Amino acid sequence: MSKRIPIIIVTLLLSALLINAASVKITVSPQRGKAKIEKGDLFYLTIDVADATVQPKAPELSGARLVYFDMMSGSAQTYTVNGVTRGSYSGRWEATYRAVSPGSYTAGPISIGDAKSNQVKYSIGGNGSGPDSSPSNNNANANSSSQSANNNADADDGKPKYIGKGDSNLFLRANVSSSNAYEQQALVYTLKIYTTYDGLNFLGATASPKFDGFVVEQSDDISTSWEFESFNGKMYKSAVVARYIIFPQMTGNLKVIGNTYTVSVSQREYYHDAFWGSLSYSTPLQLNVTPNDLVINVKSLPEPKPADFSGGVGKFSISSELKNADFKTNQAGSIVYTVKGSGNVKYVQLPDLGALYPPEIEVSTPKTSQNITVGSSNTSGSVTFDYSFMPLDEGEFHIPEVRLVYFNPETGKYETSVAKGYDIKVGKGKASANSSHQKSVRFDSNLMVVDANSLAKTPRKYVYNFAYWLFYIIPVVLLLTAVIAYRRYVGIHSDMAALNSRRANKLARKRLKRAAAAMSKNDADRFYHELLVALWGYLGDKLKMPTSELMRDNIRQVLASKGISDQAIDNFIKVIDEAEFAKYSSAGGKENLRNAYNNASEIINNLEKEFK
């Protein structure tokens with residue numbers, strides 16, 4: 001019985017191994033949203049593994065290039081048999097490939113440990129628009145083409161900038177649809193992010209790009225999912241984060257400066273566990289990255305420009321619609337012109353219809369409406385010009401064709417689209433004052449006829465006219481007069497003592513007025529104060545003496561030297577003495593205010609006469 005136990009154990013182990021034998025299955029599927037694989041498309045090889053002893057690896061497929069390989073879901077287990085530790089892997093792995101060469105191929109079988117997979121047949125078509133297709137297809141669909149992105153990268157000398165911790169594992173790259181363009185030509189500015197990090201948690205712009213010299217329209221056509229793209233020999237996940245349609249407004253080398261983005265990603269860290277083997281975990285990482293700047297060479301539109309150039313740069317067409325069928329005088333009609341196309345359609349202008357239409361039809365300013373779409377490669381849509389017009393006279397009239405002249409940057413030529421004209425018949429309507437007024441003021445070119453023979457063949461030059469030189473003489477005379485007046489003013493005010501001496505009588509009269517005002521209020525103290533200020537001030541100004549030197553002995557001596565009579569000097573001192581006595585005495589002098597004022601005024605007059 002004891003000998004049977006090891007046999008039973010061995011049998012059970014063999015049964016378990018047979019039951020849990022490894023299995024591998026592969027399937028090939030085209031890119032999401034597509035029914036078959038075309039050249040340049042991404043497609044997927046799915047490997048389903050059960051109880052494999054080793055992890056699967058991505059196989060090499062004919063006609064395709066490996067882009068990405070990762071485990072989608074699954075589990076790993078370890079067990080020990082007779083002291084030997086082994087692993088068991090189950091789950092699903094997915095390999096992403098880029099279709100390169102058209103043809104029919106077979107994938108598999110692939111071996112994982114002792115297990116082999118099935119075989120799967122797949123075909124690659126030759127009409128794809130992916131990055132490995134022909135150059136013409138690349139130009140038609142550059143945004144879905146990683147190879148065209150690489151071609152643009154080679155043509156673009158600008159390199160991504162890394163700020164902070166930004167490195168080649170995550171960067172922004174800007175490109176423009178053309179680095180040489182015409183003025184007002186629509187260009188596409190695209191900003192893409194490239195990363196090898198596992199997850200992108202946050203992406204936010206701290207500012208807007210600087211489009212100096214451009215009119216900008218922002219497009220909503222950006223990426224909603226990752227694409228795999230090779231850049232400088234390294235595989236990245238990429239996505240379009242911003243797209244703008246820009247219109248240069250001036251010529252020369254215009255620079256577009258990229259803006260800084262703050263990016264938060266998950267950085268995977270790997271480590272080895274003695275039991276579980278190779279494991280990893282994610283840590284958050286914040287980066288600040290700025291794309292490369294771009295320089296665009298903008299050329300002016302070819303000369304000469306047509307006289308009726310609309311300002312449109314792109315490709316446009318114009319149509320017309322006459323809404324009314326019955327026309328009467330002095331009753332408004334309506335005609336609508338619609339401009340459709342792609343380019344700077346917002347800024348297209350129609351010719352002056354007032355000059356094109358017959359003079360018997362009055363045209364009003366149009367009402368405009370716009371229906372513009374900002375796409376991934378241009379702005380397109382329509383602009384409607386609704387004109388109201390009013391026939392002023394009866395009869396048959398022709399509404400002429402309207403020509404829209406625009407510049408087509410694809411051909412490098414000015415092109416023309418024509419809206420058809422109409423023949424209308426106007427019947428008699430209600431008369432109005434407006435119609436008679438229009439008839440009376442209508443321009444008649446015959447009134448402006450000029451006989452060319454009567455014009456002077458050698459007109460006299462204007463420089464020989466006196467009026468011409470008068471424009472120079474008058475400013476010179478005014479300037480000299482101002483200089484003389486200014487110098488005289490400066491000379492007069494340079495010696496303030498002499499100036500005050502000449503104005504002594506005038507200043508004294510002003511002071512006496514203040515004394516008279518105090519006298520009218522019967523304010524004796526204020527009156528005598530102002531009276532003394534007027535007398536002493538007059539003498540100080542007249543004799544050019546400072547206040548500290550105004551003493552009786554000094555003024556008597558100075559006045560005598562000036563030829564002033566002794567009587568006038570005595571009278572002046574007497575008036576001052578009486579005023580000082582009246583001011584400082586306890587009795588005051590309210591009864592003699594009028595006499596004191598008259599005496600002061602008289603003595604100033606007498607002195608002024610003797611000074612002269």
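A nonpolar core, the term needed at the opening stop of this tour, is a set of buried Ala, Val, Leu, Ile, Met, Phe, Trp, Tyr and Cys residues joined through side-chain atoms within 4.5 Å, where buried means under 20% relative accessible area, exposed means over 50% and partly exposed lies in between, with a 1.4 Å probe and protein chains only. The model on your screen is predicted, and local features need pLDDT of at least 70, side-chain atom pairs count only at pLDDT 80 or more, while totals for chains, interfaces and linings use all residues. Residues are numbered from 1 along each chain as its sequence is written, and side-chain values use heavy atoms, with hydrogens and water left out.

Begin by selecting F527, Y528, L531, L535 and F572, which have the most contacts inside the largest nonpolar core, a set of 37 residues. Then colour α8 (504-520), α9 (524-543), α10 (552-561), α11 (566-584) and α12 (593-611), the elements that each give two or more residues to this core; α9 gives the most, with 11 residues. Helices (H or I, at least four residues) and strands (E, at least two) are DSSP runs, numbered from the N terminus.

Stay with F572 and show its contacts, meaning heavy atoms within 4.5 Å: leaving aside neighbours within four places in sequence, F572 is in contact with L535, L539, I555, I603 and L607. A second, separate core of 28 residues can be selected next, and V241, L254, V256 and V289 are among its members.

Now move to strand β23 (residues 309-322), remembering that two strands pair if DSSP finds at least two bridges between them. Nine bridges join β23 to strand β25 (residues 333-343), and these two run antiparallel, with F316 standing opposite G341 in β25. Two bridges join β23 to strand β30 (residues 402-408), and this pair runs parallel, with F309 opposite V405 in β30.

From G341, go on to S380, which lies in strand β28 (residues 379-391) and touches G341, S342, N371, I372 and T373 when residues up to four places away in sequence are not counted. S380 is partly exposed, because its relative accessible area is 30%. The C-alpha atoms of S380 and N344 are separated by 8.1 Å, although these residues are 36 apart along the chain.

Finally, select D41, in the loop between β2 (37-38) and β3 (42-52). Is D41 buried or exposed? D41 is buried, because its relative accessible area is 4%, and, apart from neighbours within four places in sequence, D41 is in contact with Q31, K34, K36, Y97, R98 and A99.
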